[in-house]
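Let's take a walk through a protein model together. Keep the sequence and the 3D view open, and look up each residue as we come to it.

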Amino acid sequence: MKSKKAQLGEQVMIFPFVLMLIVIGGGIAAGIYVFFSSGYDFRKVDADILNYKIQDCLTTNKINFNQDKALLEKEFFTVCNINQQIIKENFIIVIAKNSEVKLGIESDEVTCALSQTTAKNNPNYPICTTTFLNDFRITTGSKQQAQKQIT
Amino acid sequence: MNISLKIKNKKAAENVISSTVIYLLIAMVFFAGMMLFLWNQMNGASVWERYYSEEITKLINIAKPGDQITIDIQKATQIAKKNNVQTFSEIFSFDNSQNKVCVKLSPGKKTCYSYFNDVIILSPDIKLIPENNILTFTISEPKK
């Protein structure tokens, strides 16, 4: 006859069993997540397109970079047909003329430099592109990630 | 004596069977859940949602007002159909107020991506052509 203590031991064995299932399931889920979620990063492409668009805009339009910063921002975003709100949320634009930053925040260039070194694989940091056009140094960056929404 | 031994053996057998059944049930539920999860992942809905939303955003960012864009969405419609998305018009949505492109390839969720080009999207339309479904839309200047 089985004692009550022995029956208790048998019931307790369910915990290691469930734990084992959780470990197996977690391992499979983690493997699949790593496999499917990586490798489709669009930040560099975004930064390149934004940079190209700004170069194109500066080449074809004449923008007065010697005016007040607020006025310059307004003119720049209107003339270049870029949505200021979206840029503020997820992008970086720094335009320097003769090494003097005229548009954007200087510290954003530091963030860009960081993202190329220590924070290279950090998805929360922007990926940036810097180009030179005549007297201008144009730095653009993107930290945009696809957003999942419940419908 | 003999009868009581039989009864004890029967009880022990019942105990063994019931605990085995419980273990089997838990294992079955676990493997069913895993299979469902794997099936959903292999179907690749979330990967394709990201792919389409980001590629369409790229097209919009480099487009100019007046451009008409046509893209092949055969793969997207196949996945949406497999995942029982109610209507194809639900798959692609454009939010002109927030400059967003959203793609929905499975019920209950969608993936969105923002475009910085200050334009609006007009008359998005899905044309169902055998072997080559397409999405067309027109880029226009925003209403000031």
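**A guided walk through two chains**

We can begin with one residue and its surroundings. Leaving aside neighbours within four places in sequence, Thr77(B) is in contact with Phe88(B), Ile91(B) and Asn133(B), where contact means heavy atoms within 4.5 Å. Thr77(B) sits in helix H3 of chain B, which covers residues 74-82. Helices (H or I, at least four residues) and strands (E, at least two) are DSSP runs, numbered from the N terminus. Is Thr77(B) buried or exposed? Thr77(B) is buried, with a relative accessible area of 2%. Buried means under 20% relative accessible area, exposed means over 50%, and partly exposed lies in between (1.4 Å probe, protein chains only).

Before going on, here is how to read the model. This is a predicted model, in which local features need pLDDT of at least 70 and side-chain atom pairs count only at pLDDT 80 or more, while totals for chains, interfaces and linings use all residues. Residues are numbered from 1 along each chain as its sequence is written, chains are lettered from A and ligands numbered from 1 in the order in which they are written, and side-chain values use heavy atoms, with hydrogens and water left out.

How confident is the prediction for chain A? The score to look at is pLDDT, the predictor's confidence in each residue, from 0 to 100. Chain A averages a pLDDT of 86, and 89% of its residues score at least 70. Where pLDDT is low, the predicted coordinates should not be read in detail.

Now step back and view chain A as a whole. It has 6 helices and 5 strands, and from the N terminus on they run α-α-α-α-α-β-β-α-β-β-β. Of the 151 residues of chain A, 36% count as buried. If you take the contacts in chain A with a separation of 6 or more, 57% of them come from residues 24 or more positions apart.

Both chains have been divided into domains, with bounds that come from an automatic or database domain assignment. Chain A is assigned domain 1 (4-37) and domain 2 (43-142), and the C-alpha centres of these two domains of chain A lie 50 Å apart. In chain B, the assignment gives domain 1 (1-43) and domain 2 (45-140), with 48 Å between the C-alpha centres of the two domains of chain B.

Next, look for charged partners. A salt bridge is a side-chain nitrogen of Lys or Arg within 4 Å of a carboxyl oxygen of Asp or Glu, and by this rule there are 10 salt bridges over all chains. One of them joins Asp56(A) to Lys64(B), with the closest N and O atoms 3.7 Å apart. This pair crosses between chains, from helix H3 of chain A to the loop between helix H2 (45-62) and strand S1 (68-72) of chain B. Asp56(A) is partly exposed at 29% relative accessible area, and Lys64(B) is also partly exposed, at 49%.

Within chain B, Glu54(B) and Arg50(B) form a salt bridge (3.7 Å, N to O). Both residues lie in helix H2 of chain B, 4 residues apart, about one turn of the helix. Glu54(B) counts as buried, at 1% relative accessibility.

Another bridge links Glu90(B) and Lys104(B) (2.9 Å, N to O). Glu90(B) is in the loop between H3 and strand S2 (92-95) of chain B and Lys104(B) is in strand S3 (residues 100-106), so the pair ties together parts that are 14 residues apart in sequence. Lys104(B) is buried, with a relative accessible area of 13%, whereas Glu90(B) is partly exposed at 28%.

Our last stop is the backbone. Most residues other than glycine have a negative phi. Ser99(A), however, has a positive phi near 70 degrees. Ser99(A) lies in the loop between strand S1 (91-97) and strand S2 (100-103) of chain A and is exposed, at 63% relative accessibility. Asn84(B) also has a positive phi, about 60 degrees, although it is not a glycine. You can find Asn84(B) in the loop between H3 and S2 of chain B, where it counts as exposed at 55% relative accessibility.
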